[in-house]
Amino acid sequence: MSPFQARRGTRGPDRKAGLTASLVGILVVVAALALVSRLVPAQLAAFQHHSVTTPHFRSLAGLGVLLGDLGHTTLRMIAATVAGALLGACLALAAAKTPPVRGAVLTALGGMHMVPLLCLLPFLHLLGFEVSAIGITALCLAAPIASAALGAWSTIPRALDEAARGLGLTSWQRLWRLEAPYAIPDCVTALARTMPLAWSLLMAAEMLPVNGTLPTRPGLGTHAAQAAALGSFWECLLAAGLIGVLAFLYDSCLVFPWQIWADRYRLRPVFEHVADPWMLKLWRRTRLLKIAGEHMRRCLAWLGDMPIGRRGFRPSGATHPASPLIGLSSLAFALLIVMGFFYRHHALGLHDLVVVAEQSLVSALRMTLALLLALALWLPLGVWLGLTARRAEIARMVTRFLALYPKNILFPLLCLGLTLLGLSRFVWPLVLCFFFIQWLLLAQILRGMRSFPVDLLQAAQNMQIRGWLWWRKIILPGIAPILLEAVSAASMTGWTILILAERSSWALHGEDGGGIGAYVARAIENGDLPRVVLGAAVITLCIALGEFMVWHPIRLQIRRRIPSSLSPPAK
């Protein structure tokens, strides 16, 4: 399979082609950012360790200010969710229905999975604050939704495909009657799993200073950032509490009802024994909403019945495997493009390469320690919580909220506490990173225990298997696949969070924690686009090396040693 036709998540030899395509996509994205940094010299500033400019802050007191900030953040998230869903659907349709652009779209999706989207903030900021805040949040949601749709379409049962062809459906009718309903559950699940990162990126866009100035537009993140700059503990805490309420209501009123509603389109329902949430019941029992929903259903049915396209359409399937030289040549060509954009750059020198190499090692050590600490703490506790249905249900509810909550809004407060405790500059970014990723790991561990075979646990209990033998022969083989995916996803998210954790401050007097995250954060603050691109390239390289040299070999070993019957399902 050509690397331009491989998708992320394939298996066996196709997985290697997919990794090559992801690396090509990474280099293409980095090359595009480097090109923009060359074409926008007016945004460059001297790279100095200076304080952030404090503009004329608006008043933070009053209920009207808080309600305005709450409303602006809510509207931004709604706009980002809609834009991300539409963009993801367009990318998936372009890859599935348009063969000439299929390779380019799949390569871009492979790169977007590993590029830290927060590094795009200063580039989108050139178009305005609202575009940058909504844009990076929408991009965060678009790539997983597009990948989920493509993955669902690649697994459509042959019986459904033959039924659609037997009914003589056109390509347009097939899209609305078969492909769209079949992809809805996976797309909604991908949206729900990406919401924690989306909330964190939205808060980061509202909090991070760009080009030396703190943002002043209304928003809960801006409220918290200005309160931290002024040293107002209670205002910062109030903003952190309000964003927790907003995230909980957004999940309860929109995301979770969407998951329950989308479950009707699954061949094997996941939430079959879960009661309908109160918002879904309200939608179904409110007369006005029922009438509006019926009109929308009729409009969509009329739209889907339009005989557009040719009949007997079959989506493009897998092609014959191509030579590995195609992947290597594409990789080498993209690498030459990146080196060409960085060669003799007017704002970068050899010293910058030495600095980013040293700082990346510091951040890599922090990330490794944070992952090990999170695993050491929550793996035994998560398994213990998942063994009993009652404990597991309560733990899943609490963990869902804790994983969803944008914890980076608390970083200034935690930075104040850690500074008062006298911790070193190396330790407190590590604590902040651990504080963020631990709930992501716990949520996935509980998910793995939920899908663990109950008969296997009962058999181990009857055979009196205990202690390390129980862990080594029963639990670890059963949750190893999903645990590996959880650690891999947490590490990718953690590299983005390091940009926030290593540069957190209180009253604009916090110490720089060092590391590649702090390097990128300083470059974003100064509007120094070349160093933002250089830092993004190094972070992406660290993520790619972790995927290619650590997680992928371990993944292959797990699939080789553990029977597929013990592997938990994808859903």
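Predicted model: local features only at pLDDT ≥ 70, side-chain atom pairs only at ≥ 80, totals over all residues.
Which residues have the most contacts inside the largest nonpolar core?

**View 1. The largest nonpolar core, made up of 120 residues.** Trp153, Met195, Trp199 and Ile409 are the residues with the most contacts inside this core. Helix α7 is its top contributor, giving 16 residues. Domain 1 (67-272) and domain 3 (349-565) each provide at least three residues to the core. As background, nonpolar side chains tend to be buried together in soluble globular proteins.

**View 2. The second largest pocket, lined by 39 residues.** If you want to find the centre of this pocket, look for Ile184, Trp261, Tyr265, Met296 and Leu300, the lining residues that lie nearest to it. The pocket holds about 2,000 Å³ of space. Its lining comprises 29 nonpolar, three polar and seven charged residues. Several helices supply at least two lining residues each: α2 (63-97), α5 (129-153), α7 (171-207), α9 (233-262), α10 (278-285) and α11 (287-304). Because domain 1 (67-272) and domain 2 (275-306) both give residues to the lining, the second largest pocket lies between these two domains.

**View 3. His223 and Ala229, two residues of helix α8.** This helix spans residues 220-230. Here His223 has a relative accessible area of 0%, so it is buried. The side chain of His223 meets that of Glu235 in a polar contact of 2.8 Å. Further along the view is Ala229, also a member of helix α8. With a relative accessibility of 14%, Ala229 counts as buried because the cut-off is under 20%. For a sense of distance, the C-alpha atoms of Ala229 and Leu214 are 9.0 Å apart, while the two residues are 15 apart in sequence.

**View 4. Gly535 in helix α20.** The helix in this view covers residues 529-561. Gly535 has a relative accessible area of 0% and is therefore buried. To place Gly535 against another part of the chain, look for Val520: the two are 15 residues apart along the chain, and their C-alpha atoms are separated by 5.4 Å.

**View 5. Pro453 in the loop between α16 and α17.** Helix α16 covers residues 427-450, and α17 covers 454-462. How accessible is Pro453, and what class does that give? Its relative accessible area is 28%, so Pro453 counts as partly exposed, the class that falls between buried, under 20%, and exposed, over 50%.

Technical notes:
Residues numbered from 1 in each chain as written. Heavy atoms only, no water. 1 Å grid on protein atoms, 1.4 Å probe; cavity = no way out; pocket = protein on both sides within 12 Å on 5 of 7 lines; lining within 4 Å. Points joined across faces, edges and corners; volume = space filled by probe spheres on them. Helix = DSSP H or I, 4+ residues; strand = E, 2+ residues; numbered from the N terminus. Nonpolar A, V, L, I, M, F, W, Y, C, P; charged D, E, K, R; others polar. Domains from an automatic or database assignment. Buried < 20%, exposed > 50% of the residue type's maximum accessible area, 1.4 Å probe, protein only. Polar contact = N/O pair within 3.5 Å; in protein donor to acceptor, adjacent residues only side chain to side chain. Core = buried A, V, L, I, M, F, W, Y, C linked by side-chain atoms within 4.5 Å.
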